[in-house]
Structures are given as structure tokens and as C-alpha cells.
Amino acid sequence: MSDEEYRVDDLARLSGMTVRNIREHQSRGLLPAPTVRGRVGFYGPEHLARLEQIKRLQAEGFTLESIRRMLGGGAEFASFAAAVHQAFDDGDKRVVRLDDIHTLFPGLDEAKEGEDNADNAALLESAVDLGLLRPLGNGRFEERSPQLTRIGAELMALGIPPASALKAAAEARTHVQAVAKGFVQLYMDQIWAPFETAGYPADQWPDILSGLDRLRPLALDSMLALMRMALDEAATRLIEERAGLR
């Protein structure tokens, strides 16, 4: 078995799904069949990516039938499925191992041979939990957002330890996810639901894709504007408290 192949138990562990879920997705036509050698099925990174896509689409409110049509239906559904998860490419991604964790947190000491790297392992686990790193199996991880890595480096340059930066990011992510869910729900309720009820009319696909394309920048701009206001208010309040003005 190569570094890029997984048995079904490994695929379940990496994807956070049960073996039963994987089998069901396969039977529904949502997941391609594995490569079978002997009596053992082997899955690859494309299967893991597909499972993650299915989970994201389910979290965004799509039914399994809608997902099946997106992933295996006509050209319009394929285009929509790609548009839903269009990446905001912010740089070249890297694949790292535990020994390379210091490259994600510039300034962190590289673990020497024989040295206890428990702290580095804890940082890596936190980064995975936060979604900054995606497990690829066999101790390998993909950096999902080089931009966030650069931000982390800037925070370290200010003297903020990586563990503290990751904790703050985890807290922020909870709120960001709630806001993102609100925008996605707007799209689902106001744009997608009427389209689905109408039976996916072909002449409305351009409007469906256009609505999705326009939603992203509007959501991001709204978040940025609200964050600027909140930062200004929080900084003003803190300074006034420290100066005894409150």
C-alpha cells in the first residue's frame, strides 16, 4: 500500500465518517468504488476529497439526492458543484510532517533528533482541529491556507506564542462559521429553494451560479466591515478601561 492509498478503516478515520457512512455513500453513487486488489479495496486522496465535499454540502443544507445530482449529474450540476467550493487560492499549499511543523510557525525551534517534540505535536493537533491542516495519511498534512500561515508568522513577530494565536483563531472561527451559515442559509432559502421546487429549470442555471458568485464577495466584504467596526469599538473600550475612564 502506497502513501496515497487507504483501507476503508483509514478513510473513515481521516474523513471523520463511519465505515457504514462510506459504504452507504458508495451504494448511492456518491463515492467512486475503490481499487480492489485481492479482496481488499484501496481508496485514494480523491475519495477523501469527495467525502469532505459531501460533508460540506450536507452542512450547507443540501440533501443527499441533490448532492448526488451535483456530483454525478449533468454539466450544469457539475458546474454548480465546482462553484460551491471554488477555492480562494491565496498561495502555494505545502505538505508537511510533524518534523516540519516549525516551518508553519516561523520562530518555533526545530525539534532536534531525540528531543521531545510533544509541544510541536500539540500545535499540529490544534492546527488540524482548527482546519488549518488537512490530514493526508501516513503522518502527512496539507496546509490549507498559506495566508493564515503568514498571519500566524506576523503574530509571532509581535511576540504572541503560536498556541495563543491558535486559541484565538479557534474562538474566532466559531463566530465566523455562524455568520457564514447565515449567509448560506439566505442563499438556500431565497435562491436555491425556489429553484429546487421548480424542478431545476435549465434556463435558471445562469442565475443560480451568478447568485452564488455574488454572495461570496458580499459576505466577505460584510465580515470585513463589521470586523473593522468591532475592532475599533473593542480597542476604544479597552483603552478607556485601562485609563480609568470607564
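R37 and E5 form a salt bridge, with their closest N and O atoms 2.8 Å apart. By salt bridge I mean a side-chain nitrogen of Lys or Arg within 4 Å of a carboxyl oxygen of Asp or Glu. The pair links distant parts of the chain: R37 sits in strand β1 (residues 35-37), E5 in the segment before α1 (8-15), 32 residues apart. Helices (H or I, at least four residues) and strands (E, at least two) are DSSP runs, numbered from the N terminus.

A word on the model. It is predicted, so local features need pLDDT of at least 70, side-chain atom pairs count only at pLDDT 80 or more, and totals for chains, interfaces and linings use all residues. Residues are numbered from 1 along each chain as its sequence is written, and side-chain values use heavy atoms, without hydrogens and water.

How many salt bridges are there by this rule? Four.

Take R13 and D10. Their closest N and O atoms are 3.7 Å apart. Both lie in helix α1, three residues apart, about one turn of the helix. R13 is exposed, at 56% relative accessibility. D10 is partly exposed, at 23%. Buried is under 20% relative accessible area, exposed over 50%, partly exposed in between (1.4 Å probe, protein chains only).

Next, R20 and E24. Their bridge is 3.3 Å, N to O. R20 and E24 are about one helical turn apart, because they are four residues apart in helix α2 (residues 19-27). R20 is exposed, at 64%. E24 is partly exposed, at 34%.
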